[in-house]
Amino acid sequence: MLTKLKVKDKFNKELPADPDQNNTRRQVHKACFSYATPRIPTAPQLLHVSPEMAETLGLSAEDTASEAFLQVFSGQKVLEGTAPYAMCYGGHQFGHWAGQLGDGRAINLMEVEQGGKTWALQLKGAGETPYSRTADGLAVLRSSVREHLCSEAMYHLGVPTTRSLSLMLTGDQVLRDVMYDGNSAYEKGAVVCRTAPSFIRFGNFQIFTSRKDKETLKALTDFTIRHYFPSLEAGTKAGYIEFFRTVCARTMEMVLHWQRVGFVHGVMNTDNLSILGLTIDYGPYGWLEGYDPNWTPNTTDRQNRRYRYGQQPNVALWNLAQLGSALMPLIEEVQPLQEILDNCQQQFPNDYLQMMSQKLGLKNMNPVAHELITDLVQQLQLTETDMTIFFRTLSQLRTTTDLADDTQLEPLVLPAIYLPEEYTEELKEKWRSWLLRYQAQLQQEQSNDTQRQTSMNVVNPKYVLRNYMAQLAIDAANAGDYTIINELYELLKTPYADNPEQEKWFAKRPEWARHKVGCSMLSCSS
Ligand code: AMP
Ligand code: MG
């Protein structure tokens, strides 16, 4: 069954390994990884598989239902011919250099080749590694459901992301203090199998530079370029500069997608940024409900809101600057890197306007469109206005809609407004005025209503994994009911489609979820 997996390990074959094979916590020098064996779970149980991801790896439904699948992807058995390992990396956490971090609870099982692509398969929550520091190497069901569902949902939204193959219970109990307030409790342990072409992060490069280990830095950079940026040249200064340029472009493109769909990562530390520009490490992430650039789901970041929605592009640039510093020993010149960063910084506002004009179905980017976008962003913040519902509903506006008529205006605005008492006459007139200007611009462009609606509906999702939706799936799963996981998984496979049977998920967050832990407040405890 699993013999179908064409194992083709690269990272642990081509890069230097930690010679110490003991599973003791330590500082690891001059090595990209340490061998680590997954912990044997007490009673593994498969809760959910992504059939799309399985198929991508060449696995059928029969394969994923097999005993061998359960054993390998719960960590019970190591597939013959593979040598699991944990990566060594460092990182800046919340703006401060944190030294060695590494895969503290992720264990890479193997890399496989399928359909001309290569995939690294990695268990998250499979026990201690040399990088576990003071923690247990485990993950709870709550955070694993969130990672499994969201990574697949993001993929179907068209956002660059790591994927998830499977979600399993381990049968073990894990102690966690969810809100870091001294109330620890046991939760169900779980393991997710994540997949990506590679899990290399900015921090993998930073750790070697911080230790003045140019040799291993070069080995890792050349490896990355050779395998993941094959059109670039490894081993030359010009190649390293192009590599940095490409990583910058991909990272900013990823963040642009986040801004488009209203995704807030929550912990954009440099160890949580993929060198491939993929969304990685689904922790205390969240989705904008009310459009609020200052919002962050992460209570651990409540003071500074460093990782708030509106700040994500700037933080990405900050992180890229750290990556640039990490590559300095290979490039030995600041100026080309600074130029690339400056270009990114200048380019992003243009890309953002372009993206927003697509959300609005505007064909031409001119001063009027620019102003419409700027004003809309302000207007959306006047009162709690649901981002997803607003943009999706806006595609129903016609160039012939009579906006002077309240009964035609209100269906465009009211569904997105959270508190009816905030829908005042004054607010209504502000919306009327903005919508009239928007409509005039559409008329000016001779916009076709049907075509515009179609083009808007492929960039404005109807369904996203709202924070309370994930929590509903988690609460049910904790009680042994896994049907909501499957229901949401199926729903989020076609996030841009109108699905009349699923109208209940095209709705504002219910009021009970406003201040509920897990819905609006998340911590790094996972
Ligand atoms: P994060 O902020 O979740 O990306 O994690 C930062 C660092 O902490 C990484 O090195 C993780 O591997 C490590 N880590 C997080 N949770 C655990 C855990 N339960 N056990 C061991 N290491 C962990
Ligand atoms: Mg991480």
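This is a predicted model: local features need pLDDT of at least 70, side-chain atom pairs count only at pLDDT 80 or more; totals for chains, interfaces and linings use all residues.
Q: Is Asp 281 buried or exposed, and how do you know?
A: Asp 281 has a relative accessible area of 14%. That value falls under the 20% cut-off, so Asp 281 is buried.

Q: What makes the pair formed by Asn 272 and ligand 1 a polar contact?
A: A polar side-chain atom of Asn 272 lies 2.9 Å from an oxygen atom of ligand 1. The limit for a pair of N or O atoms is 3.5 Å, so the pair counts. For Arg 133, a polar side-chain atom lies 2.6 Å from an oxygen atom of ligand 1. Gly 102 contributes a backbone N or O atom, 2.6 Å from an oxygen atom of ligand 1. The protein covers 83% of the 480 Å² of accessible area that ligand 1 has on its own.

Q: How many residues surround ligand 1, and which are the closest?
A: Ligand 1 is surrounded by 17 residues. The closest are Gly 102, Gly 104, Arg 133, Gly 137 and Asn 272.

Q: Why does Leu 70 count as buried?
A: Leu 70 lies in helix α4 (residues 67-74). Its relative accessibility is 16%, and the cut-off is under 20%, so Leu 70 counts as buried. Leaving aside residues up to four places away in sequence, Leu 70 touches Pro 44, Gln 45, Leu 46 and Met 168.

Q: How do you know what span to expect of helix α16?
A: The expected span is 1.5 Å times one less than the number of residues. Helix α16 (residues 467-478) has 12 residues, and the expected value is 16 Å. From its first C-alpha to its last, α16 reaches 17 Å, close to that value.

Q: Why is α16 called mostly covered?
A: In α16, 9 of its 12 residues are buried, among them Tyr 468, Met 469 and Ile 474. Their cover includes α5 (141-157), β11 (185-196), β13 (286-287) and α17 (483-491). Just after α16, Gly 480 takes a positive phi of about 90°.

Definitions and conventions. Residues are numbered from 1 along each chain as its sequence is written. Chains are lettered from A and ligands numbered from 1 in the order in which they are written. Side-chain values use heavy atoms; hydrogens and water are left out. Helices (H or I, at least four residues) and strands (E, at least two) are DSSP runs, numbered from the N terminus. Buried means under 20% relative accessible area, exposed over 50%, partly exposed in between (1.4 Å probe, protein chains only). Contact means heavy atoms within 4.5 Å. A residue is near a molecule or strand if one of its heavy atoms lies within 4 Å of it. A polar contact is a pair of N or O atoms within 3.5 Å; within protein, one must be able to donate a hydrogen and the other to accept it, and residues adjacent in sequence count only if both atoms are side-chain atoms. Accessible areas come from the Shrake-Rupley method with a 1.4 Å probe; for residues, only the protein chains shown count as cover.
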